[in-house]
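Subject: A structure for you, with some notes

Hi,

Here is the structure I promised to pass on to you. Have a look at it first, and then read on for what turned up.

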Amino acid sequence: MRSALSAGRVLVLALAAALLAAVPARALVSFQRVPVPDEVPANLCTALAQDSDGFLWIGTQGGLVRYDGYQFRVYKNDPGNPRSLGGSYVRTLYAAGDGRLWIGTFSSGLSVYDPATETFTRYQHDPRLPGSLAHDRVEAIAEDRSGYLWIATYGGLDRLDPRHGRIDHFRHDARDPRSLADDQVRGLLVDRAGQLWVGSRDGLQVWRGEGHGFERRASDPGIPGSLAGQFIGKLYEDRAGQIWIGTTEHGAAVLDPQTDRLRRLVPRPTAAHAANATGTASGLSHFWVYGIEQIAPGEVWIATFGGGIDVVDPVSLAVGERLRHDSALENTVGGDRIGAVLRDRSGVVWVGTWGQGLARYDPAARAFQAIRYSPNRPDGLSHPEAVRALPMRDGTIWVGTNGNGIDLFDPEWHRIGGHRPDPRDPGALADGSVTCLAQAADGTVWVATLNGMLHRLRPGARRFERYSVADGLPGGPIR
């Protein structure tokens with residue numbers, strides 16, 4: 001039976017230390033999808049956080065979910081219990097150093113979970129109380145070095161003193177250039193230097209302290225390429241101190257706070273796989289950025305709401321890989337609308353999708369690369385069953401399949417060609433099922449196929465020579 005040669009539908013290339021040292025690795029990201037019970041609303045993820053005890057917290061449209069790696073626990077609003085979660089549509093999460101978890105909701109204000117009592121305390125807007133929350137839509141939470149919590153709302157920016165419950169309001173004032181640029185605030189970041197960065201519907205600002213107000217950064221109106229008038233939803237500081245800026249309509253940008261140099265990652269959804277002059281894929285896959293996380297020194301993930309995840313080099317800003325859902329592959333994310341991305345303290349990356357579940361990725365798994373077949377991936381395997389692999393002296397890798405001949409891959413594991421079977425052409429493979437591959441010292445390549453035929457490809461030649469029983473072979477498959 002021809003399928004007896006198959007090593008399975010996926011070829012795992014563990015090609016020895018010498019090959020791994022000689023071939024630059026293109027790190028293939030392989031996700032593991034997390035099974036979620038039907039009664040747990042974690043399939044639609046809006047936020048992720050890890051607390052001081054190591055629990056993963058998942059914000060959803062149907063409540064707050066805690067995951068310990070084995071089991072889920074769901075917290076929802078209970079109208080009859082004032083110590084329950086304030087609202088079930090969670091927009092943002094912040095795990096404080098004291099063990100408490102702060103939860104911002106879409107229309108029910110702010111809640112804080114105390115693990116000691118397993119109860120929630122609510123902060124909500126009350127038009128009769130000037131000291132209440134400015135607005136019940138909370139989009140981001142950040143903590144400064146003084147222990148104050150900054151709350152991004154759709155009614156301005158609030159500063160909460162968690163020790164006394166006092167709330168100070170910061171709002172836009174058209175007469176004051178040092179005021180908040182816009183009252184709809186969505187992005188917050190306290191960087192390693194202790195500065196508070198604020199993203200609103202009108203660009204980016206930095207808080208300069210009492211009496212100094214807010215300073216616009218890369219957001220001056222009238223300057224071409226600035227962030228003025230753009231809605232900033234996500235802010236992130238990478239390991240080099242660069243500030244990554246995600247917008248809701250204009251893609252992403254990176255700011256060097258030392259030089260004020262702003263570089264843009266323009267969304268190009270219609271040319272997501274286009275190449276620039278260097279041959280590297282360029283442009284974001286979608287205009288709406290929903291999350292930013294640095295996974296490795298040379299790798300920043302930009303999660304989008306419709307284009308999956310773009311893997312970006314923080315120096316060149318080249319998009320090196322696009323992590324998209326593929327219905328033919330179980331090791332991809334469940335969908336391309338990403339709600340949140342988080343790298344936990346162990347280095348594991350969690351990705352929550354908008355309606356298609358939760359997935360995890362362990363970068364340690366990059367010791368191996370899985371090259372898979374999918375009709376949606378033209379640079380992957382051309383056949384579901386790959387049975388032989390051989391690294392060549394020119395750096396290419398030949399992969400024999402169980403039906404479509406040989407696939408040729410470049411050193412970064414992109415398929416660049418192949419040798420296909422054609423029994424009628426004496427210069428082609430006589431059979432598509434490959435049983436053996438070898439390369440001689442002079443560069444000659446030998447290929448054996450299931451029908452017992454031996455093929456030789458001389459150095460520099462493009463066509464095979466065939467040898468069969470008529471040429472003295474004993475007959476039967478060559479192993």
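Let me begin with an open sheet of four strands, in the order S23-S24-S25-S26 and with antiparallel pairing. Strand S23 (289-296) and S26 are at its edges; each has a single partner strand, so one side of each is left without a neighbour in the sheet. From one strand to the next, the twist averages 20°. Please keep in mind throughout that this is a predicted model.

Inside that sheet, strand S24 (residues 299-304) pairs with strand S25 (residues 309-312) in the antiparallel sense, over four bridges. If you want a spot to check by eye, valine 300 has valine 312 in S25 as its bridge partner. Strand S26 (residues 319-323) also holds arginine 322. Is that arginine 322 buried or exposed? Its relative accessibility is 12%, so arginine 322 counts as buried, the limit for buried being under 20%. The side chain of arginine 322 also makes a polar contact, at 2.8 Å, with the side chain of serine 285.

There is another open sheet of four strands, ordered S11-S12-S13-S14, with antiparallel pairing. Its edge strands are strand S11 (138-143) and strand S14 (166-170), each of which pairs on one side only. Neighbouring strands here are turned by 20° against each other on average, direction ignored. Five bridges join S11 to strand S12 (residues 149-153), in the antiparallel sense. Glutamate 143 is found opposite leucine 149 in S12.

Now to the packing. In soluble globular proteins, nonpolar side chains tend to be buried together. The largest nonpolar core in this model has 16 residues, and Leu48, Leu56, Ile58, Phe72 and Trp350 have the most contacts inside it. Two or more residues come from each of strand S3 (45-50), strand S4 (56-60), strand S5 (63-67) and strand S27 (338-343). Apart from this core lies another, of 15 residues, with Leu323, Val333, Val341 and Tyr361 among them.

On the aromatic side, the structure holds 25 aromatic pairs. One of them joins tryptophan 207 and phenylalanine 214: the pair is tilted, with 4.8 Å centre to centre and 50° between the planes. Tryptophan 207 and phenylalanine 214 are both buried. Elsewhere, Trp57, Tyr75, Tyr113 and Phe120 form one aromatic cluster.

Finally, a couple of backbone angles to look at. Most residues other than glycine have a negative phi. Glutamate 118 is not a glycine, yet has a positive phi of about 55°. Glutamate 118 sits in the loop between strand S9 (110-114) and strand S10 (119-123), and is partly exposed, with a relative accessible area of 41%. Tryptophan 413 has a positive phi too, near 65°. The loop in question runs between strand S33 (406-409) and strand S34 (415-419). Whereas glutamate 118 is partly exposed, tryptophan 413 counts as buried, at 6% relative accessibility.

Happy browsing, and do write back with any questions.

Best wishes

Definitions and conventions:
Residues numbered from 1 in each chain as written. Predicted model: local features only at pLDDT ≥ 70, side-chain atom pairs only at ≥ 80, totals over all residues. Heavy atoms only, no water. Pairing = 2+ DSSP bridges. Axes fitted to C-alpha atoms, helices over the stretch in contact; angles between N-to-C directions. Core = buried A, V, L, I, M, F, W, Y, C linked by side-chain atoms within 4.5 Å. Buried < 20%, exposed > 50% of the residue type's maximum accessible area, 1.4 Å probe, protein only. Polar contact = N/O pair within 3.5 Å; in protein donor to acceptor, adjacent residues only side chain to side chain. Phe/Tyr/Trp six-rings, centres within 6.5 Å; stacked < 30°, edge-to-face > 60°.
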